[in-house]
Amino acid sequence: MKGNPFAFRSGAGERGTGLVCITKSGFWSSFSSQSLLAYNSSFSAGVNYENRFVIPELGTCTAGVIFPAGKSSVGVIYSNFGYPEFRRNMGGISCGMPLGKNVSAGVQVDYFSEIVPGEYDKIRILTFEAGAAFNLSEKVTAVIHLFNPIPNSIRKSLLPSTITAGAGIDLSKTLFAGAEAEMSTDENIIIRSGFEYEAAKKFWIRGGFSTRNSSFSFGIGYLIKSMKIDLSLSTHERLGVTSSVSLVFKIK
Amino acid sequence: MTFLYQKLIIIIAFSLLLYNVSFGQAESNTEIISNIAEELAAEDNDPEAAALYLEYLNDLIENPVKINLRDENDLSRLFFLSDFQVKSLADYIRRTGNVVSIYEIASVPGFDQHTVEMMSPFISLKENDAGSSDSLSVRNTLLTNLILKPGEKDTSYLGSPLKILAKYSIAAGRFSAGLTTEKDAGEKFFTGSPPFPEFLSAYTSYSGKGVIRKIILGDFSLRFGAGTSINTAMRTGIQLTAPGFMTIRDNLRPYTSTDENNFFRGAAADLAVKNAEVILFYSRNRIDATPVLSSDSVISSIMSIYKSGLHNTSSLLLKKDLLTETVYGMSLSYNFRFMRVGANWSETLLSIPLQRNADDPESIHDFEGNKNRLLSINYNTVSGRIMIYGEMTVNNFRYPAFVNGVTLKPSDRLSVNVLWRKYSNGFTAFNGSGPGNSSSSANEEGIAGNFSFEAAKHLFISAGYDITHYPWLKYRCSFPSMSRKGGIVLRYLPTEKLNFEFTYDYRYSMINNQKASGIAGIEGSESRTFKWLFRYAPDENSAFTTRISYKAAYPSGSRGMLLLQDVYYRFGRVPVTLWFRYCLFSTESWDSRLYTYENDLLYSFSIPALSGEGSRSYIMVKWDIGHFGEMRIKYSLTGITEKSGIESFNDEVKLQFRIWF
């Protein structure tokens with residue numbers, strides 16, 4: 001099970017909950033599930049660094065910004081993975097808005113470029129992703145999300161597609177739990193589940209599990225005035241540990 | 001033609017000016033209907049079952065049951081209702097007057113909200129009926145379907161790759177008439193001399209309330225009792241998680257379907273005097289068959305009846321209309337206070353005798369000759385909360401078939417069904433199709449049971465199990481064998497907007513294991529399928545469905561899974577409805593293939609078997625053209641990743657026009 005390397009999953013907070021990204025609103029999750037952008041109505045910016053298996057060449061740097069635009073919120077994201085000889089860049093512009101009392105939706109246009117050494121060509125692909133979030137009750141949210149629902153026959157370069165569906169519940173004022181199912185082209189279904197617990201004021205503890213590589217995740221988060229710092233570790237059954245750190249500034 | 005074009009242009013122009021548009025009935029197919037369709041599609045031994053089932057549903061949408069007429073025969077067209085529910089609803093309307101809202105039905109004993117939602121696309125609360133009113137208002141309906149697979153061009157086929165269906169019907173007072181013509185992909189539209197459309201079917205019908213209930217001239221569909229002797233209508237099979245197994249009723253209807261070999265052509269009359277009812281019919285129809293040629297190339301006998309209706313090659317065209325089938329018979333039934341009893345007799349004469357393959361042990365009990373006589377008796381009785389029903393049929397005074405069942409309703413929240421059937425080796429009913437696991441219904445003995453239970457508020461549980469023995473050899477099984485299947489469905493409907501469903505399906509059968517030369521061995525083939533479904537409809541104009549399926553097949557051990565997302569949206573300001581699906585699937589072999597029901601054009605259906613690694617997506621748009629008609633267009637695309645890593649794609653375009661004038 002490889003998952004879809006193009007489907008955006010970032011943020012130390014999200015990785016701490018086992019990459020349960022689409023059901024809990026947050027800065028980084030708004031770029032994994034654009035319908036959640038509708039709940040980010042303040043101007044904010046963030047940076048994230050993720051290091052896979054303690055190998056510097058497998059690091060990912062990500063920066064993003066979200067700003068309100070009337071009833072909608074707009075986001076811009078840029079991500080860079082790899083090293084000069086092998087690099088994958090991703091840029092995206094997203095928009096999310098409420099469609100009714102209990103429904104919100106969002107869409108993101110993505111641009112990918114890959115540089116691979118040797119005889120392989122550079123890859124440049126334009127696609128989009130979209131989703132919808134439903135507040136089934138005050139405490140329960142269900143989300144669906146499609147990444148690249150464009151048949152490859154329309155375009156010459158191949159790009160995997162992904163369908164994700166999940167639900168999250170606020171079990172109490174301080175405890176959230178969520179679960180997601182995800183399937184990508186030529187892949188089996190991945191199930192992810194995770195929780196976030198506000199152990200003390202402005203301090204969060206996170207945990208999660210993903211059937212993808214039987215990965216366990218742990219993380220913590222702390223809010224200092226308008227800056228939130230998150231740290232996380234996640235395991236891989238054979239390759240070791242992935243660590244990540246992120247900073248998010250709520251400017252206005 | 002020019003006039004038609006002009007009329008079409010005027011209709012489209014007018015519709016563009018219409019702002020005050022009334023939408024048609026809800027286009028919602030409930031999960032139970034999809035489940036049954038997928039179950040039937042997975043039946044290897046009856047490939048036509050799903051097509052007939054969905055065609056029947058389309059017919060119900062086109063001609064909904066007018067429940068306020070209180071006609072139990074008409075109500076029983078809602079095949080998913082048990083006899084209990086049919087009687088209960090008819091009694092309720094007789095006692096309290098017309099139903100004014102479909103939600104009122106949920107308060108009728110034996111009904112719940114879930115059943116009402118399932119019924120809603122197929123019923124009408126209108127009381128005036130073309131068959132019962134004296135109104136002479138004329139209503140014409142014209143439907144045309146065009147289906148094209150752009151990439152597929154096979155030069156060996158006789159005709160164009162276009163699949164064409166056209167239906168026309170007219171109703172005026174108690175009279176109605178209809179015409180259906182169809183051409184499958186690869187077939188010529190006109191064949192024979194003089195040239196006629198590939199398939200042409202027509203009827204005229206009179207419906208009354210007096211002694212003459214119905215008279216049909218032309219093509220008609222007929223069912224007697226449980227259908228073991230005569231049933232050219234839909235065979236529902238044994239759906240283990242559906243509320244009821246079957247009803248014992250006679251039913252005569254005009255034929256509007258496109259199955260080219262399973263209908264009657266002639267005349268039929270349904271007469272009723274007080275509690276007695278008689279149906280008489282005579283049919284002479286030409287059907288397809290595979291001939292046996294003698295040394296001088298003369299047709300000496302028939303090897304088999306060819307049922308697929310496809311004539312897209314020269315060799316298949318030779319089978320067309322080769323056999324003349326003459327069938328006549330009658331059915332008598334009488335309604336006592338607590339019991340209905342019926343008896344029927346029919347004879348089938350074939351113009352060329354049928355000859356079984358003497359070299360094949362599997363067909364040792366098969367029918368031979370050109371005359372088949374069927375006698376049948378049936379009953380059903382209701383006492384309190386118990387209903388008992390049954391039918392016994394014998395063909396040529398030699399081969400019997402038995403069907404007996406009981407339905408218990410210990411409380412309004414619990415319904416229990418048990419059905420036993422036995423079809424002896426050699427039992428033959430060319431136009432019959434009783435409850436069972438295959439359409440041929442011979443060489444089968446089995447018992448099935450199920451229950452439906454409202455376990456708690458909003459929580460519904462259905463489960464069933466079926467065990468069938470095949471005392472003689474059958475297709476792909478050179479031994480006496482058996483099969484088992486079971487299923488559980490949990491439905492949680494916390495609000496009208498939300499639906500959670502979990503389904504488990506288990507199947508076991510025995511097939512040949514041809515690992516070496518010589519006599520085949522036998523092995524068990526087993527599959528377990530799990531399905532999770534979540535449906536959310538924020539309002540009446542939109543719905544979102546997510547589904548995950550997982551299947552494991554043995555002995556191959558292969559696994560299959562899929563995740564799909566459906567979106568249904570009806571625009572508020574323009575009369576346009578949209579369906580979208582995106583599905584990703586991954587199966588390790590054909591054994592673990594998964595079936596997914598799709599929304600489609602009326603009188604067209606799609607339940608693709610998804611196998612391999614790939615995606616399946618479709619988008620369908622319906623445009624309601626005022627009160628004059630509608631147009632649907634569907635584009636579907638299947639992409640498969642080959643083992644070499646190359647992706648191959650198949651796409652299909654379907655177009656439908658329906659016009660009322």
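## Chain B as a whole

Chain B has seven helices and 33 strands. Its radius of gyration is 25 Å, close to the 26 Å that the globule rule gives for 661 residues, so chain B is as compact as a globular protein of that length. This is a predicted model.

Along the principal axes, the C-alpha atoms of chain B fill a box of roughly 70 × 70 × 60 Å. Of the 661 residues in the chain, 42% are buried. Consider the contacts between residues at least 6 apart in sequence: in chain B, 58% of them join residues at least 24 apart.

## Helix 5 of chain B

Helix 5 covers residues 83-96 of chain B.

Which residues of helix 5 are buried? They are B:Asp83, B:Phe84, B:Gln85, B:Val86, B:Leu89, B:Ala90 and B:Tyr92. An α-helix has 3.6 residues a turn, so residues three or four places apart point the same way. The buried residues of helix 5 pack against helix 4 (72-75) of chain B. They also pack against three strands of that chain: strand 17 (369-383), strand 18 (386-395) and strand 19 (399-411).

## A buried leucine

B:Leu165 lies in strand 4 of chain B, which runs over residues 163-172. Is B:Leu165 buried or exposed? The cut-off for buried is 20 or more other C-beta atoms within 10 Å. B:Leu165 has 21 C-beta neighbours inside 10 Å, so it counts as buried.

Set aside the neighbours within four places in sequence. B:Leu165 is then in contact with B:Thr144, B:Asn145, B:Glu182, B:Thr258 and B:Tyr603. Take one of these, B:Thr258. B:Leu165 and B:Thr258 are 93 residues apart along the chain, yet their C-alpha atoms are separated by 8.6 Å.

## Where the chains meet

How many residues does each chain bring to the contact? Chain A gives 25 residues and chain B gives 21 residues. On the chain A side, four strands each supply at least two residues: strand 6 (123-135), strand 7 (140-147), strand 8 (162-170) and strand 9 (175-184). The residues of chain A that touch chain B divide into 15 nonpolar, eight polar and two charged.

Most residues other than glycine have a negative phi, and most peptide bonds are trans.

A:Phe53 is not a glycine, but its phi is positive, about 55°. It sits in the loop between strand 1 (44-52) and strand 2 (59-69) of chain A. A:Phe53 has 12 C-beta neighbours inside 10 Å, so it counts as exposed. In chain B, B:Phe397 also has a positive phi, near 55°. B:Phe397 is in the loop between strand 18 and strand 19 of chain B. With 8 C-beta neighbours inside 10 Å, B:Phe397 counts as exposed.

The remaining case is a peptide bond. The bond from B:Tyr554 to B:Pro555 is cis, with omega near 15°. B:Pro555 is in the loop between strand 26 (542-554) and strand 27 (558-570) of chain B.

Definitions and conventions
Residues are numbered from 1 along each chain as its sequence is written. Chains are lettered from A and ligands numbered from 1 in the order in which they are written. This is a predicted model: local features need pLDDT of at least 70, side-chain atom pairs count only at pLDDT 80 or more; totals for chains, interfaces and linings use all residues. Two residues are in contact if their C-beta atoms, placed from the backbone, lie within 7 Å. Ala, Val, Leu, Ile, Met, Phe, Trp, Tyr, Cys and Pro count as nonpolar, Asp, Glu, Lys and Arg as charged, and the others, Gly among them, as polar. The radius of gyration is taken over C-alpha atoms; the globule rule is 2.2 Å times the number of residues to the power 0.38. The expected span of a helix is 1.5 Å times one less than its number of residues.
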